[in-house]
Amino acid sequence: MIIAQITDFHVRPRGKLAYGVVDTNAMLEAAVAVLEAMPSRPDVVIGTGDLTDCGLAEEYAVLREILEPLSMPVYLVPGNHDRRAELRRAFASDGYLPEDGDFLHYVVEDQAVRLIGLDTVVPGHGHGRMCDVRLAWLEQRLAEEASRPTLIFMHHPPFRTGLVDMDKINCANGEAMARLLRGHDNIERVVCGHHHRPITTRWAGTIGSVAPSTAHQVTLDLQAGGCPASFVLEPPGLHLHMCRPCDPHGPDRHFPRPLSLPARCRISRSCGRGRAIASGEVAIPQHKRPRFAADGRPAPAPSFHQGGHHGQAEDH
Ligand SMILES: [Fe+2]
């Protein structure tokens, strides 16, 4: 089974650029084309938040149009730039989002890997939270299936990443979530968005990761007290998570045989239950040719600062 993760599309109304700079719609269209062209097409696509830039109904309508060519099921969770009501309205007919309730949590049961989508949004704020209500819901879902391989997907990372300014607006109460997950050995991954940069870490007895945005990335700044987070037009990408049965005593128990994908295996492990998961990153070709300086050297990637308070949803 192959799970493709795309994140932080920041879709805008037709004809508008995110921050007046980034053609996020065209870049998501490029990601969709990459997914459909893969020789081993993913079984499912998950989108980990900041689906739109401002949470506008018009933006969700554009998002539906852009995702339409995907031939596999698509599951979305909201990020801080999204609005639950508009997301729920636009994708209600897909049937996986809860019709009512405060949060857009759900479980996908009909795949080889059980998928749990979490809603970490705190409306009006850039950071997220796994509050007691959300933790209780997750605890109940995990108790239902203690042995099936499970992948959790959410927008805000509940772990620290080293991107100091972004970690200030990650998922609050991550320590409580970690305590919960440590009691379960079937959690294969906790995959996130929000930080607009590929990141992998060991966390809570499992692997935590962040996928790059399909559009703009966050400038790499690991210094405490560094500059406020800014965006940079480094190459976009997406993540693939590949799960397959394996012989726990066989020679490939640590490195599942690479599939014929344009992906580079970065992390993997066997869990001792006859299966293995590897995750890889796929670059998305940019829709415009790279710009070069007059002397032939690559031009430095432009950098621009985030708008608003770390970019929570705003009407503009
Ligand atoms: Fe984002």
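**View A. The axes of helix H2 (residues 57-67) and helix H3 (residues 84-91) approach within 9 Å and cross at roughly 40 degrees.** The model is predicted: local features need pLDDT of at least 70 and side-chain atom pairs count only at pLDDT 80 or more, whereas totals for chains, interfaces and linings use all residues. Residues are numbered from 1 along each chain as its sequence is written. Axes are lines fitted to C-alpha atoms, for helices over the stretch in contact, with angles from 0 to 180 degrees between N-to-C directions. H2 and H3 are therefore oblique to each other (roughly parallel is under 35 degrees, roughly antiparallel over 145, roughly perpendicular 65 to 115, oblique the rest). H2 passes H3 in a right-handed crossing (the near helix is turned clockwise from the far one by less than a right angle). From H2, the residues Ala57, Tyr60, Ala61 and Arg64 meet Glu86, Leu87 and Ala90 of H3 (contact: C-beta atoms, placed from the backbone, within 7 Å). This contact of H2 with H3 comprises 5 nonpolar residues, no polar residue and 2 charged residues (Asp, Glu, Lys and Arg are charged; Ala, Val, Leu, Ile, Met, Phe, Trp, Tyr, Cys and Pro nonpolar; the others, including Gly, polar).

**View B. Helix H4 (residues 132-144) and helix H6 (residues 174-181) have axes that come within 11 Å and cross at roughly 15 degrees.** This angle makes H4 roughly parallel to H6. The crossing of H4 and H6 is right-handed. On the H4 side, Leu135, Leu138 and Glu139 take part, and they meet Ala176, Met177 and Leu180 in H6. The residues of the contact of H4 with H6 divide into 5 nonpolar, no polar and 1 charged.

**View C. An open sheet of 6 strands has the order S4-S5-S7-S9-S11-S10, and its pairing is mixed.** Strand S4 (106-108) and strand S10 (199-203) stand at the edges with a single partner strand each, so one side of each is left without a neighbour in the sheet. From one strand to the next, the twist averages 20 degrees. Strands pair if DSSP finds at least two bridges between them.

**View D. Strand S11 (residues 206-210) is mostly covered, with 5 of its 5 residues buried.** A buried residue has 20 or more other C-beta atoms within 10 Å of its own. Strand S9 (residues 187-192) pairs with S11 in the parallel sense over 3 bridges, and Cys192 stands opposite Val210 in S11. S10 pairs with S11 in the antiparallel sense over 5 bridges. In that pairing Val210 of S11 is the bridge partner of Ile199. The strands S10 and S11 form a hairpin with 2 residues between them. In the turn of this hairpin, Ala204 has a positive phi of about 55 degrees.

View E. Of the 316 residues of the protein, 44% count as buried. Among contacts between residues at least 6 apart in sequence, 70% join residues at least 24 apart.

Definitions and conventions:
Buried ≥ 20, exposed ≤ 12 C-beta atoms within 10 Å, placed from the backbone. Contact = placed C-beta atoms within 7 Å. Helix = DSSP H or I, 4+ residues; strand = E, 2+ residues; numbered from the N terminus.
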